[in-house]
Amino acid sequence: MDGDTNLTSSEDVTKSPCEETEQKSMASNGSNEIKSRAVVKYSSAPPAAAFSRLQEKTDLKLPPANWLRENAKLGPTILGNSKKSKQFSSFGMAYDFIDSVGKEVDVVADSENIKKLLKIPYSKSHVSMAVHRIGKTLLLDELDIQELFMRSSQTGDWTWLKEFYQRLMDQKWQRKKKSKEHWYQKAILSKFLYYSINGDDPAEPVPSTSHQPGDEQNLREPSGSDHVAWPAPFETLSSVSEDGGTSNQGLKNDFVRNILWTFEDIHMLVGSNMPIFGGGRYPAVSLRLRDNNKPINVLTGIDYWLDNLICNVPELVMCFHVNGIVQKYEMIKTEDIPNLENSNFSTKVIKDIAQNILSFLKSNCTKEGHTYWLFKASGSDIVKLYDLTTLCEETEDKYQNPFTMPVAVLLYKVACNMMIKKTQNRKHYGTIRTLLLNCLKLVDKGRHPQIIASANYMLSELFQLEPKKEESAEGSFNGNSDESYSEDEEEDEEEEPPDSDENGSYGCPPNPPEDCKAIAIIKSVRELSVPEKYKSTHQIRPSCTFPVCSDTEERCRLVLSYVLEGLKSIDSSIKKEGELPAADPNTPIPLKYEDESANVVSECLEKQMALFLQKMECSDNHCSSISGIVPGSWQFKMKLLLIIKASKAYYVLSDAAMSLQKYGRALRYVKLALQCYDAYSCLCTNQVPEVMLLLCQYLALCGDIQLMLAQNASNRAAYFEEYNYQTRDDQEILHSLHRESSCEGFYFVTDLITDLECQLSISCKCYEAANDVLFVTNLKNQNPEQQTQVLKRLGNIRNEIGVFYMNQAAAHQTERSANRGVSSTEQDLWKKSFSSFERGITSFKSIEDTTNSSLLLCNMGRLMRICAQAHSDSGNDERSGEFSPEEALYYNKAIDYYHKALKSLNKRETHQAVWDSVYWELSTTYFTMATLLQDYAPISRKAQEQIEREVTEAMMKSLKYCDVDTVSARQPLCQYRAATIHHRLASMYHSCLRNQVGDEHLRKQHRVMADLHYGKAVKLFQLLRDAPCELLRVQLERVAFAEFLMSSQNSSVGKLKSLYGALEIMMKTRCAFVVLQKELECESDQGPADRKELAGSDSSGNLRKEEVVKLVNIFESRLSFVLLQFVKLLSSKKKSSNPPEEEASLKNYKQVYSSLLRASTNKIATLHERLSVLLNLLDQLTPKSEANETVIQ
């Protein structure tokens, strides 16, 4: 090696547990350079003590004084170089370094097993190893067939393997006994190591008691710590405690050092017990004792080289002896070991062997949870791989495989470890799921219920259960599935035979027949030395392994299936004196009330809520489980977790059904969620804030569902069908819940009731209960958003209840017979509605929701208007009495509430739509009050002038809140309202002018105001395309107003002026006639069937035509009158005094008048023909310069 080996001081070699030391080294053989890197993950060895050179001729057969005595300097490594490997050694390391398993580490094994594999091409010895796969990690353990077969005669385990082995492998098998030479060499090695650490002491015989044959026997037989113990079925876990005290004997990490060794591109977690000494100027050396008469062979050289690489020891100290007498020492650098005489080997070949063996195993050991057997018989060149799990399944009891539970527990532990870090990287979800599913395949449900329950709970935890937020899906409420997966594909992969390489060496040859049980074969160990002979192409699982559940119900159903399995496991493990009475999930819980009237339901709800809140506030609650589950036990803790998980799944299902408008299904799911919580509350004595927050969410959702059921009563039959349906899983989960509780704690809010008032009341109680939960548990400060949502819902449902009672009152009012006063039922409904609105406003004000507060104030204004309407002298539209003081009182109250609503909003920018709505309602209230005051004037109580003043004031206020300028959907309505107000004011002033006598100033004022309002009304009606009749009526009133003014004039000039004004008004009505004619043409274009259907569906069209006919008749009569007066006045003048223009006008008026008379006498003319005649006559009267100006805008 060209470069220097990086060494570490002796103090760095030994580390206390949990400390890591990183050491790097390079090994070479000629020009071939091997990369090796060692990180000490754990070390229980004391600091390396300097070794002492023994004097020449030291007799190692004589024991030193400290032999077999405890020595802190040596620690537990004095006999640590034993070739005996524990059969569960890899599992002990895997348990301790769970973070490394399944991910970055390729192999976990005892260093002796690693060396044995890498020496396969050089050795004729047999190889028997158990191989397990956890993720990408392979666990290697020695499988001592001889030991197993000796034990099988006593325990009955492995009898199937013994028969298989004797039938197919070696029918003449016999256990080989170790020679005396073996025990002799082991004894002098032990004494040599004790001498080396205590070289200053003379060789003294140990006390006679220590030199008895019994002590020699201790050397021949493994000590208690080294004894291979095959445990009974696994009973305990560090994180999952079972009932019993069965220990994890044989599953401990007994290695002095655990080293993360990287050999080329292979990452291995290796356990080593090799003693390491300091050598003065050498930071670390390994000591070896060799017989000087026996040369070092290749196998020994590979052993020494690999041990030093794994432990990163730079030098080897070799002590040679002859018959136990020390001869000499020799120092050999680690990189020189491959070049020793008689022990020459290629490090590159060792690298190729390692890579080929790893590729072979990874390509064929593909199933997690299976036990594979790598076997090479003594003197054979063939290496075979068997799937012992598959062979074991052919027997009656698959649990005869003692590896089953250690593998299952390791799968479980790796999954647990990854679950702790699952939030860091969701791509591990698929790995966790596969680990847990494979664990469940191995575990006996009857023997290990805790593992079953815990694994199923972790499987359910992999799915993030959050309700949809306008289903952004939580980013994807498939946010828990970053990859795709198909279980069918995985099963297909597991059923396919292993892939073969180009030479077909992985396949099972047709001959000899005994090889048909092997899943893979290496035909010759020499193939392992060929670079890249075996390439690992098979994946343990598809790269994407987590199920994509884009459908919320599918995801929740999967969670519930895991929860159910966990609950079954727990229930089966609970010891009980007698069987619990079986609860039939199909039998609905009987309601405590038969009468569905709102009062009875409300009283029942109040009692239930009082009991519920009292239980929450009580501090000395105790577990009230029916099953007798022991608080604090694993069953107790796990069942709480599973119940809460089930409740979350049902909540998400309910929320999803709600978004799909499946309200019956949604109510069923939220009922199950609340039943889960009820069972939880019976078990748990402490109210956990997170769980109480869940309860708040469940109650709020239940309130939403009841509200939607109330608003969608037309589909009630479908909702009942959805509500009564139950899956088998739901029934079994409910049965498990009934073992702990009657689950009736929330029946009063989860029942499907047909009465609308009851549904609204239940919805309100749900929100109140949710609010009480937040208040009692002091969660409102910790979760202000939840508090805001609940109070907003509470305000909304109180508004809904208020509107319900208000509509009920309005319905009573319309059904009330004429001349009957307000009934007590109506008054009660008013009070209920008013109270609901007030409480709703309180809720909204508490969260400073000014917009919704304004809407409720607006509804209160509407309620006051309904009260005002009820106090009229009749419940129908045919009223004849005066406008009463009660009506005025309630209308003024309505106005007050509308003003409060505007004050709450403060400005239009707060919420334009609500602001405009309140403005419109306020305008409507003023307009209604003014109209009633005008049409049903209280003349018995007030003077005419006062009434006119109040009408004018109310109309002007209505006009103030009628926004005609802002462009919106309501703008045409506002324009029509404003035009109507101006029309009514003009009519009122016109009427006052007719009735006014005496005060000329007042008469002039009325005349000016009437003319002003008529003009404004005409302008506004001209802006509307759908109000030709209104425009025509206003114009006719203006003509009548002009005629009235003419009647009071004496001079011909004044009368002519008035007539000209009247005629001009009539000519401006042309636009209204054009619109009416177009409407008639549109109707005539429709087929007879369409007209018949239109006439059958609505009679407004016929009424409108009758109105048009009346207006046309009036218009013809007034036009005829005006033309006649023109003819009379112009004809009365002397012809000499008439200018030519007047003569032409007179002639035109006569002609038009004549045509109008002839048209009026035609009784068979249609309305369309009459309109055409009028348009023609108006065109004749209109000067050509003005003909184009009278078009509708």
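This note goes through the predicted model point by point, from the chain as a whole to single residues.

1. On the overall make-up of the chain, the secondary structure of this predicted model comes to 38 helices and 14 strands. Of the 1193 residues, 53% count as buried, and the accessible surface comes to about 55300 Å², with 49% of that area belonging to carbon and sulfur atoms. Where contacts join residues at least 6 apart in sequence, 77% of them are between residues at least 24 apart.

2. Strand β3, which spans residues 107-110, is covered on both of its faces. Val107 and Ala109 lie on one side, Val108 and Asp110 lie on the other, and each of these four residues is buried. The reader may wish to note that an aspartate, Asp110, is included in this buried set.

3. Turning to the aromatic side chains, the structure holds 23 aromatic pairs. One of them is formed by phenylalanine 263 and tryptophan 305, whose ring centres are 6.4 Å apart and whose planes meet at 80 degrees, so that the pair counts as edge-to-face, the cut-off for that class being an angle over 60 degrees. Because phenylalanine 263 belongs to strand β6 (residues 257-263) and tryptophan 305 to helix α8 (residues 298-311), this pair ties together parts of the chain that are 42 residues apart in sequence. Both residues are buried, and together with Trp261 and Phe345 they form one aromatic cluster.

4. Two arginines are placed over aromatic rings. Arginine 977 lies over the face of tryptophan 920, at 4.2 Å from the ring centre.

5. Helix α12, made up of the 14 residues 429-442, reaches 20 Å from its first C-alpha to its last, which is close to the 20 Å expected at 1.5 Å a residue. How many of the residues of α12 are buried? Twelve of the 14 are, and the helix is therefore mostly covered, given that buried means under 20% relative accessible area. The buried residues include Ile432, Leu435, Leu436, Leu440 and Leu442, but also Arg433, Thr434 and Asn438.

6. Threonine 851 lies in helix α26, which covers residues 850-870. Is threonine 851 buried or exposed? With a relative accessible area of 16%, threonine 851 is buried, since the cut-off for that class is under 20%. When its neighbours within four places in sequence are left aside, threonine 851 is in contact with Leu905, Thr910, His911 and Val914.

7. Valine 525 is a loop residue, found between β14 (518-522) and α15 (552-573), and yet at 3% relative accessibility it counts as buried. Which residues does valine 525 contact, leaving aside its neighbours within four places in sequence? They are Ile120, Pro121, Lys376, Asp381 and Val383.

8. Asparagine 323 has a phi near 55 degrees, which is a positive value in a residue other than glycine; asparagine 323 is found in the loop between β10 (315-322) and β11 (325-333), and at 54% relative accessibility it counts as exposed. Glutamine 661, likewise not a glycine, has a positive phi of about 65 degrees. Glutamine 661 lies in the loop between α17 (634-659) and α18 (663-683), and at 52% relative accessibility it too counts as exposed.

Definitions and conventions:
Residues numbered from 1 in each chain as written. Predicted model: local features only at pLDDT ≥ 70, side-chain atom pairs only at ≥ 80, totals over all residues. Heavy atoms only, no water. Phe/Tyr/Trp six-rings, centres within 6.5 Å; stacked < 30°, edge-to-face > 60°. Helix = DSSP H or I, 4+ residues; strand = E, 2+ residues; numbered from the N terminus. Buried < 20%, exposed > 50% of the residue type's maximum accessible area, 1.4 Å probe, protein only. Lys NZ or Arg CZ within 6 Å of the ring centre and 35° of its normal. Contact = heavy atoms within 4.5 Å. Areas by Shrake-Rupley, 256 points an atom, 1.4 Å probe, with all protein chains shown as cover. Expected span 1.5 Å × (residues − 1).
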